[in-house]
Amino acid sequence: MNSSNLKENNSVGSASAATNRKSVTVMGLGPMGQAMAGVFLESGYAVTVWNRTPSKADELVAKGAIRASAVDEALAANELVILSLTDYDVMYAILEPSSANLSGKVLVNLSSDTPEKVREAAKWLADRGARHVTGGVQTPPSGIGKPESYTYYSGPREVFEAHKETLEVLTGTDYRGEDPGLAMLYYQIQMDIFWTSMLSYLHALAVANANGITAEQFLPYASAALSSLPKFVEFYTPRLDEGKHPGDVDRLAMGLASVEHVVHTTEDAGIDTTLPAAVLEIFKRGMKNGHAGDSFTSLIEIFKNPVRP
């Protein structure tokens with residue numbers, strides 16, 4: 001470890017303490033980590049940064065960030081450590097060699113992974129004397145620093161509340177509960193909707209392009225279709241909570257015919273049918289399970305009972 005860096009960091013830390021300047025460590029400087037560290041700097045925080053590729057910290061250091069040359073140094077700089085990594089496996093790779101220095105730290109992990117892996121990580125950190133708060137960021141890097149953006153959080157409430165003001169520098173906060181896996185669960189089910197919807201848009205646009213329609217020409221119609229979805233979700237919500245799927249508004253048999261037409265239109269356009277064919281297969285399974293006269297929402301029962309290999 002570079003002793004001159006340590007002296008520099010210690011002197012900066014002492015100056016920060018003397019002026020009661022708030023401070024935070026950000027580990028992981030991809031686009032999201034860069035945006036977070038930048039917003040903290042703009043908000044007057046003393047920011048220590050670390051990344052496996054040190055050069056990624058150059059711009060932030062030029063703006064006043066403190067570069068940690070090692071993980072131990074980054075952890076030592078502050079109680080609050082923000083992690084913005086690819087996944088939780090990377091967290092273990094980075095932190096395991098520094099386990100002895102985790103005691104007393106609060107790690108707010110904004111990396112993506114599964115709820116179960118998050119729960120395991122929270123226990124792993126607790127066993128080493130650290131406290132873990134899970135975050136699921138619901139905005140791209142461009143939304144960091146904007147209060148209308150938001151992040152799901154879960155974990156010990158008292159820990160979240162103690163650092164809420166700092167976390168709200170990044171985005172608005174939506175605390176979901178004590179279970180460390182909850183924030184990640186909410187994040188992943190949102191991603192389920194996002195990626196499925198965006199992929200369906202790309203598929204529809206491919207069919208449109210094959211018929212001479214540009215993305216610009218399709219834009220108002222794609223937007224209208226997507227903006228109508230909240231009304232459908234709102235209408236079906238109480239029925240889904242009650243487990244009722246009456247065919248008074250729509251019937252699965254009608255939906256099956258509609259999806260078949262989508263598949264045939266795709267074939268006629270010479271476009272890959274994998275996506276609509278998968279949707280059609282789910283409708284067919286619903287029909288085989290006796291839901292022909294029920295609403296398409298009855299397909300939730302198909303999802304809850306997956307076909308086992």
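Start by selecting strands E1 and E4 (residues 80-83) in this predicted model: the two run parallel and are joined by 3 bridges. To pick out one of those pairings, show Thr25, whose bridge partner in E4 is Val81.

Stay on E1, residues 23-27, and colour by burial: 4 of its 5 residues are buried.

Next, the inside. Select Phe40, Val47, Val49, Ile82 and Val108: in the largest nonpolar core, which has 31 residues, these touch the most other members. Elements giving two or more residues to this core include E1, E2, E4, strand E5 (106-109) and helix H7 (157-167). H2 gives the most, with 7 residues.

Zoom in on Val49. Beyond its neighbours within four places in sequence, Val49 is in contact with residues including Val26, Leu29, Ala37, Leu60 and Ile66. Then move over to a second, separate core of 27 residues; Val71, Trp124, Ala130 and Ala183 are among them.

Last stop: Gln138, in the loop between strand E6 (131-137) and strand E7 (150-154). Is Gln138 buried or exposed? It counts as buried because its relative accessible area is 19%, and the cut-off is under 20%. Show what surrounds Gln138: leaving aside neighbours within four places in sequence, its contacts are Tyr150, Thr151, Tyr152, Tyr187, Gln190 and Met191.

How values were computed:
Residues are numbered from 1 along each chain as its sequence is written. This is a predicted model: local features need pLDDT of at least 70, side-chain atom pairs count only at pLDDT 80 or more; totals for chains, interfaces and linings use all residues. Side-chain values use heavy atoms; hydrogens and water are left out. Buried means under 20% relative accessible area, exposed over 50%, partly exposed in between (1.4 Å probe, protein chains only). Contact means heavy atoms within 4.5 Å. Two strands pair if DSSP finds at least two bridges between them. A nonpolar core is a set of buried Ala, Val, Leu, Ile, Met, Phe, Trp, Tyr and Cys residues joined through side-chain atoms within 4.5 Å.
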